[in-house]
Amino acid sequence: MKIQLALDRMEIGDAIQLTRLVENSIDWIEVGTSLIKEYGVSSIKEIKKAFPTKVIVADIKTIDNARYEFEMCFNAGADVATVMGVSPYVTIDTCMEVARRFDRRVMIDLLNTSEEQKKELMNYSEAIFCDHVSKDEQEESGSRNLGVDEGLLFADSTRQIAIAGGITLESLAALKQKLNPSVAIIGSAITQAKDPADAAAKFKQVIFHVEGV
Ligand SMILES: O=C(CO)[C@H](O)[C@H](O)COP(=O)(O)O
């Protein structure tokens with residue numbers, strides 16, 4: 001399981017500095033939606049420039065305007081870009097087509113999708129599927145991703161799964177068991193930690209422990 005470090009609600013310089021502290025413990029770097037909204041695609045360019053060998057995920061959360069937004073992210077250096085699963089299928093089709101042309105990947109964010117939509121979306125076999133509990137659900141309703149609903153859907157699936165939303169050192173092992181994700185997206189548990197390097201190293205240890213590799 002890879003760790004995708006989610007960088008949100010900070011300045012680009014601080015994001016780069018923080019990532020330097022933890023880069024040996026993490027695999028993918030997410031340029032968070034808040035960075036893209038605040039600083040534009042230059043946030044993607046700068047983070048790719050600072051970490052050229054890491055997989056860079058642009059969490060642009062496209063819901064329309066797919067061709068323009070995905071070309072913009074890939075031209076800025078993103079290796080993966082995100083689209084909302086609740087988007088019209090023509091939007092997701094377009095994201096897939098642009099990603100294929102650039103030889104990059106699409107992550108479909110399953111936030112607020114119904115069971116029926118999730119089953120339909122699984123037809124996008126090349127995508128990564130993100131099981132996501134949102135910031136608002138975390139901060140306003142006290143929820144976090146515990147993998148309660150998706151177990152059966154994902155258990156039968158050969159699809160690549162990512163998990164996100166308030167993941168902690170304590171919740172990661174159970175999530176791994178329930179959803180068998182290949183990517184754990186971790187933001188505040190590392191970025192807001194007193195010692196981010198120590199927190200990231202501990203996440204890596206948990207993964208080592210559950211995977212035994
Ligand atoms: O996509 C996001 C918010 O929409 C975040 O990147 C994701 O939720 C991970 O951050 P955290 O671990 O702090 O929840």
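Predicted model: local features only at pLDDT ≥ 70, side-chain atom pairs only at ≥ 80, totals over all residues.
**Figure 1. Side chains of Glu30, Lys135 and Ser188 each place a polar atom by a ligand oxygen.** For Glu30, the distance from a polar side-chain atom to an oxygen atom of the ligand is 2.8 Å. In the side chain of Lys135, an N or O atom sits 2.7 Å from a ligand oxygen atom. Ser188 has a side-chain N or O atom 2.6 Å from an oxygen atom of the ligand.

**Figure 2. Helix H4 (residues 66–75) packs with helix H5 (residues 89–102).** Their axes lie 9 Å apart, at an angle of about 30°. Angles under 35 degrees count as roughly parallel, so H4 is roughly parallel to H5. The two helices cross in a right-handed sense. From H4, Ala66, Arg67, Phe70, Glu71, Phe74 and Asn75 take part in the contact, meeting H5 residues that include Thr91, Thr94, Cys95, Val98 and Phe102. The contact of H4 with H5 is made up of 7 nonpolar, 3 polar and 4 charged residues.

**Figure 3. Helix H9 (residues 169–179) packs with helix H11 (residues 196–211).** Here the axes are 10 Å apart and the angle is about 30°, which means that H9 runs roughly parallel to H11. The crossing of H9 and H11 is right-handed. Look for Leu169, Leu172, Ala173 and Lys176 in H9, which meet Lys202, Phe203, Val206, Ile207, Val210 and Glu211 in H11. By type, the residues of this contact are 7 nonpolar, no polar and 3 charged.

Notes: Residues numbered from 1 in each chain as written. Heavy atoms only, no water. Axes fitted to C-alpha atoms, helices over the stretch in contact; angles between N-to-C directions. Helix = DSSP H or I, 4+ residues; strand = E, 2+ residues; numbered from the N terminus. Parallel < 35°, antiparallel > 145°, perpendicular 65-115°, else oblique. Left-handed = near helix turned anticlockwise from the far one by under 90°. Contact = heavy atoms within 4.5 Å. Nonpolar A, V, L, I, M, F, W, Y, C, P; charged D, E, K, R; others polar. Polar contact = N/O pair within 3.5 Å; in protein donor to acceptor, adjacent residues only side chain to side chain.
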